[in-house]
Amino acid sequence: MYTVPKLEDWSASSLDGAVAELNSALQSESSAIRSEAEWKEFRDRWMARKNGILTQINDLWLKAAPNDAKREVGRRVNELKKLVEERVAAAETQLKQSAAASQFESERIDVTLPGIRRPIGVEHPLIKTMNEIVGVFKAMGYSVADGPEVETDYYNFESLNFPRQITRRATRKIP
């Protein structure tokens with residue numbers, strides 16, 4: 001974490017060294033941003049009005065500079081302010097681009113995968129009801145047996161000890 005040093009020497013070389021140190025700290029902190037929360041923390045740390053680094057630079061460098069060095073220090077402070085604003089904006093766009101790229105990657109569709117085949121049609125309501133009834137009886141322990149559609153007279157009556165019925169044919173004389 002970068003802290004603003006208090007300058008004792010107001011020469012151009014001293015200012016250049018302090019600006020270079022601040023620029024490298026700004027570069028390293030901006031390259032470490034991975035989320036929006038980190039970006040907001042970075043922005044507030046550098047640009048906050050009450051205790052941001054730019055505000056500290058104004059207080060420690062510009063206000064403390066002697067009158068003959070104020071012009072040079074003010075120019076450097078304005079350059080630093082512009083540089084910090086650009087770096088914060090660049091970090092935001094880079095974060096948004098990486099978020100968009102990761103979202104694009106997660107939404108990518110593999111066209112070589114087989115499609116989803118949906119079943120055609122539905123079960124007839126009568127067949128569906130019959131299957132539900134059979135399911136209920138199977139759950140109670142019954143079994144399902146299939147047989148012929150039409151049974152003979154023997155299986156319907158004689159094997160059940162019903163007497164055989166003889167049918168009489170009524171004959172009528174035709175005049």
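Student: Arg 76: buried or exposed?
Tutor: Arg 76 is buried, at 9% relative accessible area. Buried means under 20%, exposed over 50%, and partly exposed in between (1.4 Å probe, protein chains only). This is a predicted model, where local features need pLDDT of at least 70, side-chain atom pairs count only at pLDDT 80 or more, and totals for chains, interfaces and linings use all residues. Residues are numbered from 1 along each chain as its sequence is written, and side-chain values use heavy atoms, leaving out hydrogens and water.

Student: What forms a salt bridge with Arg 76?
Tutor: Asp 16 does, with the closest N and O atoms 2.3 Å apart. A salt bridge here needs a side-chain nitrogen of Lys or Arg within 4 Å of a carboxyl oxygen of Asp or Glu.

Student: Why does the pair tie together parts that are 60 residues apart in sequence?
Tutor: Because Asp 16 lies in helix 1 (residues 12-31) and Arg 76 in helix 4. Helices are DSSP runs (H or I, at least four residues), numbered from the N terminus.

Student: And Asp 16, how does it count at 40% relative accessibility?
Tutor: Asp 16 counts as partly exposed.

Student: Which residues are linked in a network of salt bridges?
Tutor: Asp 16, Glu 72, Arg 75, Arg 76 and Glu 79.

Student: How many salt bridges in the whole structure?
Tutor: The search finds 9. Among them is Glu 29 with Arg 45, at 3.2 Å between the closest N and O atoms. That pair links helix 1 to helix 2 (residues 36-47), across 16 residues.

Student: Glu 29 and Arg 45: buried or exposed?
Tutor: Both are buried.

Student: What does Lys 40 meet in a salt bridge?
Tutor: Glu 36, at 3.8 Å from N to O. Both lie in helix 2, 4 residues apart, or about one turn of the helix. Lys 40 itself is partly exposed, with 38% relative accessibility.

Student: New topic. What volume has the largest pocket?
Tutor: About 180 Å³. A pocket is an open set of points on a 1 Å grid over the protein atoms alone, where a 1.4 Å probe fits, with protein on both sides within 12 Å along at least five of seven lines.

Student: Which residues line the largest pocket?
Tutor: Met 47, Ala 48, Arg 49, Leu 54, Thr 55, Asn 58, Val 77, Lys 81 and Glu 85; a lining residue has an atom within 4 Å of a point. Helix 3 and helix 4 (70-106) are the elements giving two or more residues to that lining.

Student: Where is Thr 55?
Tutor: Thr 55 sits in helix 3 (residues 53-62). Thr 55 is buried, at 19% relative accessibility.

Student: What does Thr 55 touch?
Tutor: Ala 48, Arg 49 and Lys 50, leaving aside residues up to four places away in sequence. Contact means heavy atoms within 4.5 Å.

Student: Now the surface. Which residues form a nonpolar patch?
Tutor: Ile 133, Val 136, Phe 137, Met 140 and Tyr 142, with about 530 Å² of accessible area together. The area comes from the Shrake-Rupley method with a 1.4 Å probe. Patch residues have over 30% relative accessible area and no salt bridge, and nonpolar side chains are joined within 5 Å.

Student: Where does Phe 137 lie?
Tutor: In helix 5 (residues 125-139). Phe 137 is partly exposed, at 41%.

Student: Last one. Where is Leu 113?
Tutor: Leu 113 is in the loop between helix 4 and helix 5. Leu 113 is exposed, at 56% relative accessible area. From Leu 113 to Pro 148 is 48 Å, C-alpha to C-alpha, across 35 residues in sequence.

Conventions. Patch = residues over 30% accessible without salt bridge, like charges linked within 9 Å, V, L, I, M, F, W, Y side chains within 5 Å. Points joined across faces, edges and corners; volume = space filled by probe spheres on them.
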